[in-house]
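Visitor: I'm new to this one, so could you take me in for a close look at the aromatic rings? I'd like to hear what sits around them and how they pair up.

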Amino acid sequence: MRCRECVEHLYEYLDREVTPELETEIRAHIQKCPPCSEHFDFETLFLKFVRVRCRAQGAPATLRRRILEQLLEE
Amino acid sequence: MTSTPPPASSNPPSPPSPESPPRTPEERRAGFEQEALVHLDTLYRVALRLTANASDAEDLVQETMLRAYRSWDRYTPGTNAKGWLLTILRHLFINEYRRRSRHPETVDVDTIEPFALFQEVQEEDPQGAFFDKIVDDEVLRAVDQLPEAFREAVTLSDVEGMSYEEVAKVLDVPVGTVKSRLYRGRRLLQTKLYDYAVSMGYIKGQSKK
C-alpha cells in the first residue's frame with residue numbers, strides 16, 4: 001500500500017468503518033511508515049479533542065425534572 | 001377448480017417479542033426512562049448545535065421526549081432508541097424551529113478553502129500540543145460555524161460516536177453522503193481552529209482567511 005492510498009482511507013480507518021482486510025493493510029503500512037504514522041496520530045488526537053471538548057456539556061438538571069414531571073401528567 | 005381457501009389466520013405472523021408490552025402506566029414510564037431518558041444529554045447537545053440557543057434547545061428536547069413518549073408503543077425495546085429519538089428531534093427542528101432560529105451565520109463553504117491541518121502544523125507542532133490551549137467554548141463556536149449539513153454529521157459522528165450507518169439513518173441520506181460531509185466538515189473545523197490558534201498566538205503559522 002502506498003501513502004496516498006493509506007491517507008485516503010484515514011478517516012474511515014479511524015472511524016472503524018473499513019473491512020478487516022483493509023484495516024490489516026493500513027495498520028501494516030502505518031507501522032513501517034513514520035510520516036503516515038504521525039499523520040494518523042495527529043488525526044486521532046484531533047477527533048478525540050473534538051469529542052471530549054464538545055461532550056463537556058450535558059442537559060441541565062432542570063430540563064430532566066421538567067421532562068419527568070411531564071411524563072407523570074401524560 | 002375452486003379457489004384455495006384463505007389460511008386460518010390472514011394476519012401476518014407477529015414478530016417474536018421478547019416480552020409482552022408493559023401494561024401499567026408505571027411500567028411504561030419506567031421503560032421509557034431506562035431506554036429513552038438515558039439519551040437526554042445527547043439530545044440536548046444535538047439540539048444546542050442545531051438551535052444555537054439554550055432555551056430553544058430545552059424546548060426542542062422536551063417536545064421530542066413528549067412525542068417519543070406518546071408513540072412509545074411503536075418503539076421496539078432494545079433497538080436503536082438514540083437514533084429513533086434523534087430522528088424525532090431533527091424532524092421537529094426542521095418543521096418548527098429552523099425557520100425562527102437565530103443561528104449565527106455559518107461559514108460560506110464556497111469562500112473558504114479547507115485544508116488538512118496536519119500539513120500546516122507538522123513542522124511546528126506535529127503532536128498538536130496547541131489543542132490543549134483552545135478552550136471548550138471556542139471549539140463549540142467553531143462547530144457552530146459549520147454549515148448545518150456538516151455540523152449535523154460532525155456532531156452525530158464525532159461528538160456522539162454514532163456509526164456512519166446510524167448517522168445516515170438519522171439524516172436520511174446515503175452512507176457515502178455521510179462520509180463526504182464528515183470529511184469536509186472536519187476539514188472546515190480544522191481550518192477554523194487553525195485560524196483561531198494562529199490569531200491567539202498558540203501557533204505561528206499563517207492565517208488562511
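Guide: Let's start with Arg28(B), whose charged end sits over the ring of Tyr69(B), 4.8 Å from the centre of that ring. Keep in mind that this is a predicted model. Another arginine, Arg186(B), lies over the face of Tyr11(A), with 4.5 Å to the ring centre.

Over all chains, the structure holds 13 aromatic pairs. Take Phe46(A) and Phe131(B): their ring centres are 6.2 Å apart and their planes stand at 40°, so this pair counts as tilted. Phe46(A) belongs to helix H4 of chain A, residues 34-54, while Phe131(B) is in the loop between helix H5 (117-121) and helix H6 (136-144) of chain B, so the pair joins two chains. Phe46(A) is buried, at 0% relative accessibility, and Phe131(B) is buried too, with a relative accessible area of 2%.

Over in chain B, have a look at Trp72(B) and Trp84(B). Their ring centres lie 5.8 Å apart with the planes at 50°, so here again we have a tilted pair. Trp72(B) is in the loop between helix H3 (54-70) and helix H4 (81-97), and Trp84(B) is in helix H4 itself, so the pair ties together parts 12 residues apart in sequence. Trp72(B) is buried, with a relative accessible area of 8%, whereas Trp84(B) is partly exposed at 22%.

Notes:
Residues are numbered from 1 along each chain as its sequence is written. Chains are lettered from A and ligands numbered from 1 in the order in which they are written. This is a predicted model: local features need pLDDT of at least 70, side-chain atom pairs count only at pLDDT 80 or more; totals for chains, interfaces and linings use all residues. Side-chain values use heavy atoms; hydrogens and water are left out. Rings of Phe, Tyr and Trp (its six-membered ring) pair if their centres lie within 6.5 Å; planes under 30 degrees apart count as stacked, over 60 as edge-to-face and the rest as tilted. Helices (H or I, at least four residues) and strands (E, at least two) are DSSP runs, numbered from the N terminus. Buried means under 20% relative accessible area, exposed over 50%, partly exposed in between (1.4 Å probe, protein chains only). A charge sits over a ring if NZ of Lys or CZ of Arg is within 6 Å of the ring centre and within 35 degrees of the ring normal.
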